[in-house]
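Student: I would like a close look at a single part of this structure, please. Start with how things pack, and take me on from there in one go.

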Amino acid sequence: MDTHFPGRDRLIRAFDAAVTAGDTASTMRALRSTLCDAIHSGDVRLPDEVFEGRPDHYARRELYRSPEHGYAVVAMTWGPGQGTPIHDHSGMWCVESVWHGALEVVQYELCEQAGERYRFVPAGVTQAGAGSAGSLIPPHEHHTICNASDHDIAVSVHIYQDRMTSCSVFEPEHGDWYVRQPRVLQLDDAPAAAH
Ligand SMILES: [Fe+2]
């Protein structure tokens, strides 16, 4: 999918430069600053559809996939109270930015594993506001995301190393223990274009 919107071409050029920046840490740094600059400058206008939530789930809309580098740009729309269980990123790096509203991100540290049972402990809560960005590099890839607002939507833009079509989610068992479940990730209709 390749959706056109104002500021898109410059953004993609900056992403392309970032993913060829060298090591993963340099790529993460460059992607984070590209996203933060784009949000603060106001030069990029995401398609209107991205600001429309879905009543029963947070929406995932792919804005771009790089034919050359393989990375994927996905916009997510979080209605009030919508969020994720603890999940992984299928071993891929990811940069996540808050474009609009605010998100609560809880990082988890994997402490123990026994078959499909995993023990996680929370390792920090971030209240991420619009214009902020963070990155995940495996194996430190477990977290939850939630729009804690009871009235505002939140929009985030994620860049994944590759298209992520499935991941693992971790359902609470008891105490700090969770059971791994595979999850297929769906995309909502991609926006056709910005008006
Ligand atoms: Fe995530």
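Tutor: Gladly! Let us begin with helix α1 (residues 8-19) and helix α2 (residues 24-41), which pack at an angle of about 165 degrees with their axes 8 Å apart. Axes here are lines fitted to C-alpha atoms, for helices over the stretch in contact, and angles run from 0 to 180 degrees between N-to-C directions. Helices are DSSP runs (H or I, at least four residues), strands are E runs of at least two, and both are numbered from the N terminus. The two helices, α1 and α2, are therefore roughly antiparallel, a label for angles over 145 degrees. The crossing of α1 past α2 is right-handed, meaning that the near helix is turned clockwise from the far one by less than a right angle.

A word on the ground rules: this is a predicted model, with local features needing pLDDT of at least 70 and side-chain atom pairs counting only at pLDDT 80 or more, while totals for chains, interfaces and linings use all residues. Residues are numbered from 1 along each chain as its sequence is written, and side-chain values use heavy atoms, leaving out hydrogens and water.

Now for the aromatic side chains. Eight aromatic pairs are found in the structure; rings of Phe, Tyr and Trp (its six-membered ring) pair if their centres lie within 6.5 Å, with planes under 30 degrees apart counted as stacked, over 60 as edge-to-face and the rest as tilted. In one of them, Y108 and F120 have ring centres 6.4 Å apart and planes at 75 degrees, so they meet edge-to-face. This pair links distant parts of the chain, with Y108 in strand β5 (residues 102-114) and F120 in strand β6 (residues 117-129), twelve residues apart. Both Y108 and F120 are buried, that is, under 20% relative accessible area with a 1.4 Å probe and protein chains only.

Another pair, Y118 and F170, has its centres 5.0 Å apart and its planes at 70 degrees, so it is edge-to-face. Here, too, distant parts of the chain are linked: Y118 belongs to strand β6 and F170 to strand β10 (residues 166-174), 52 residues apart. Y118 and F170 are both buried. With Y178, the residues Y108, Y118, F120 and F170 form one aromatic cluster.

Finally, R117 lies over the face of W177, 4.6 Å from the ring centre; such a charge has CZ of Arg or NZ of Lys within 6 Å of the ring centre and within 35 degrees of the ring normal.

Methods. Buried means under 20% relative accessible area, exposed over 50%, partly exposed in between (1.4 Å probe, protein chains only). Angles under 35 degrees count as roughly parallel, over 145 as roughly antiparallel, 65 to 115 as roughly perpendicular and the rest as oblique.
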